[in-house]
Amino acid sequence: DVLFAPDALAFTAGAVVSPGLFISIVVPILEPRVESARSAGTLREGVSAQDVAEWCVRIVMSLLILPGPNRRDEVALRAYLDKMMPALCTAGRRLQR
């Protein structure tokens, strides 16, 4: 709801129209976590901070714009995302929060 408030609408529209800019802001935030996950062996080989940032931005924008038929509370949303995380993580592992 916050991203669709009148005072945030320009930012939201810009993020949707220019996802590359949004991703470029997220990459430096995620780099330390990605490197930590890589060192711990929990990140699939070949997955970069750029890849993770793009995936996260796409998922967040998708959940904001197309929330889907199942309204999830915070616990249910975290369970859904945990179920989907194997796309980035090695078998049996997941990224640290």
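Colleague: Where does H2 bend, and by about how much?

Modeller: A bend is the angle between axes fitted to the seven residues ending at a residue and the seven starting there. H2 bends by about 45° at Leu30, and a proline, Pro32, follows within four residues. Helices are DSSP runs of H or I, at least four residues, numbered from the N terminus. Keep in mind that this is a predicted model, where local features need pLDDT of at least 70, side-chain atom pairs count only at pLDDT 80 or more, and totals for chains, interfaces and linings use all residues. Residues are numbered from 1 along each chain as its sequence is written, and side-chain values use heavy atoms, leaving out hydrogens and water.

Colleague: Which residues of H2 are buried?

Modeller: Buried means under 20% relative accessible area, exposed over 50%, and partly exposed in between (1.4 Å probe, protein chains only). In H2, Phe22, Ile23, Val26, Val27, Leu30, Val34 and Ala37 are buried. Ile25, also in H2, counts as partly exposed because its relative accessibility is 45%.

Colleague: How many salt bridges does a search of the whole structure find?

Modeller: A salt bridge is a side-chain nitrogen of Lys or Arg within 4 Å of a carboxyl oxygen of Asp or Glu. The search turns up two. One joins Arg38 to Glu35, with the closest N and O atoms 3.5 Å apart; both residues sit in H2, three residues apart, about one turn of the helix. Glu54 and Arg58 also meet in a salt bridge, at 2.9 Å from N to O, and both belong to H3 (residues 49-65), four residues apart.

Colleague: Is Arg58 buried or exposed?

Modeller: Arg58 counts as exposed because its relative accessibility is 56%.

Definitions and conventions. Helices (H or I, at least four residues) and strands (E, at least two) are DSSP runs, numbered from the N terminus.
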